[in-house]
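Hi there,

Here is the structure I promised to send over.

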Amino acid sequence: MAGMSAPSPSFGARAGQLALRWSLVIALFVAWELLTRTRTFTPFMLPSPQSVLERIWRDGNSGDLFINMALTIYRALAGFLIAAVLGVSIGLVMTRNAGLRWFLDPVISVGFPMPKITFLPVIVLWLGFYDTAKISMVVFDAIFPILTATIAGVRSVEKELIWSARNLGARERDLLWQILLPAASPQILTGLQVALPIALIVAVVAEMMMGGYGMGGAMIQASRMADSRGVFAGIIEISLVGWLFVKAMAMVRARLLFWHAER
Amino acid sequence: MNTIASAALRYSPLLILALAWELAARSGLFASSALPPISKIALAWLDLARDGDLTKNTMASLWRTGAGLGLAILIGGVLGFAMAFWRGAETALAPVVELFYPLPKSALIPITALWLGFGDGSKILLICMGCMLPVTLGAFNGALSADRTLLWSARSLGASRLRSMWDVVLPSAVPELLNGIRTALALSFVLLVSSELIVSREGLGYLIGFLGSNGTYEAMFAVVLTVAFIGFLADRLYEAFVRRTLAWRE
């Protein structure tokens, strides 16, 4: 947070900031270790960082960690990609077609603030306990921010831009691909950046509810067995994946929008 | 009258969807357990309401959200303002905020269950922990956005540090703070329902799971739609409240 608004800090300042940040993270770990060493909390309430890291290491060696992570990432990403394709295309069509807009506008404005996860039991009833149900839940939840971002993005495209393109003889298809989509892409990407963490969370919660393999399933299993090391290991693993997702998405954004002056 | 008519026209697609649902359910193309007709769902809802199951579990759920969200707003708001005002608080808390911000809040469900069991305590703690950060960030950013010159003038006119904070910074921080609380409100319902679906013996999420495993799907659909509606209604009420609160800003 510190210095986030600084325009472009020098290398030295950035390195200093990085060092400060990491030393604070390390300080947090030391505080955690001390809290467990001094027996402020029992190992059951708060297992020591060392024992949690050992647990992660053991899960990594036995291959469980890899299977669970891969499954969760697969479900989250598959759902996210389907939501991205559907969300952007429905959003685009909605801005070009008044009938569809009339029909879907109230559906979106009612659906957006709803806690979509409530429909998980309904989706289980319809699709069973397998990947289809989990991925469908992810799509259902992740599509809303993408849809609204796409609609807002296309609406904010300058009218002059569209008029000049039309004037120069652009057809509807060219207008879509060469004007609307690129001009709206910064907002669409923001929507995607919001949707990706949601996809991960929903995948984990769906796994927690339905059980089976996956990081959510492993964590809820550990919790039921009162295996607190397993639970804390799960939190760290999920946070790591979440952090990687956020970073990857920011990189994609920087790559795709190199032409766009950001803030 | 005119506004009612235009609202009816605006929301008529939802009515069409409900009608389509009713027709699809009655057509016999789908198993009646998988897609019960809306009319039967409404009847099941009335039954649940009459039995008192719905009220009891709604109250349990609302108490959990209210308590968790209230604590989150209180603690999160104080932390955010503290971070904006005292360098020390920012240095100490910023890395904690930064570290916990990307953490998927629902991943805390097993931890709070481990600590406090399956009852109210674990849900309240979960909602409080999960909803705190958006409020903290809202308060922090809002307080920083306060006009420095206004603050300086207040101080130079002899207002104490606390006084100028109350009169100058707090009002200008309100819009961002209210925005953060809106995020927290939406999050609180998500956390409530997911934790009740996964580990609970009471509450609307529990009721959904219970009715589903009993095979009384009409009642299950009734509760699912009720929860979705409560979430939607809370957002709309909050929006109206924000509009009234911020009416003084032209």
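Helix 6 (residues 131-155) and helix 8 of chain A pack at an angle of about 160 degrees, and their axes are 7 Å apart. Axes here are lines fitted to C-alpha atoms, for helices over the stretch in contact, and angles run from 0 to 180 degrees between N-to-C directions. The two helices of chain A, helix 6 and helix 8, are therefore roughly antiparallel to each other (angles over 145 degrees count as roughly antiparallel, under 35 as roughly parallel, 65 to 115 as roughly perpendicular and the rest as oblique).

Two points on conventions. This is a predicted model, in which local features need pLDDT of at least 70 and side-chain atom pairs count only at pLDDT 80 or more, while totals for chains, interfaces and linings use all residues. Residues are numbered from 1 along each chain as its sequence is written, with chains lettered from A and ligands numbered from 1 in the order in which they are written.

Chain A as a whole has 10 helices and zero strands (DSSP runs numbered from the N terminus: H or I of at least four residues for helices, E of at least two for strands). Of its 263 residues, 33% count as buried, which takes 20 or more other C-beta atoms within 10 Å of a residue's own; 12 or fewer is exposed, in between is partly exposed, and C-beta atoms are placed from the backbone.

Now for helix 9 (residues 215-224) of chain A: eight of its 10 residues are buried, so it is largely enclosed by the rest of the structure. Those buried residues pack against helix 3 (64-96), helix 8 and helix 10 (228-256) of chain A, together with helix 5 and helix 8 of chain B. After helix 9 of chain A comes Ala226(A), with a positive phi near 55 degrees.

Between the chains, the contact takes 44 residues from chain A and 41 residues from chain B. On the chain B side, helix 10 of chain B provides the largest share, nine residues. That side divides into 33 nonpolar, five polar and three charged residues.

Within chain B, helix 8 and helix 10 pack at about 170 degrees with axes 11 Å apart, and are therefore roughly antiparallel to each other. Helix 8 of chain B passes helix 10 of chain B in a right-handed crossing. Among the residues that meet there are Phe189(B) from helix 8 and Tyr238(B) from helix 10.

Happy browsing!

Terms used. Contact = placed C-beta atoms within 7 Å. Nonpolar A, V, L, I, M, F, W, Y, C, P; charged D, E, K, R; others polar. Left-handed = near helix turned anticlockwise from the far one by under 90°.
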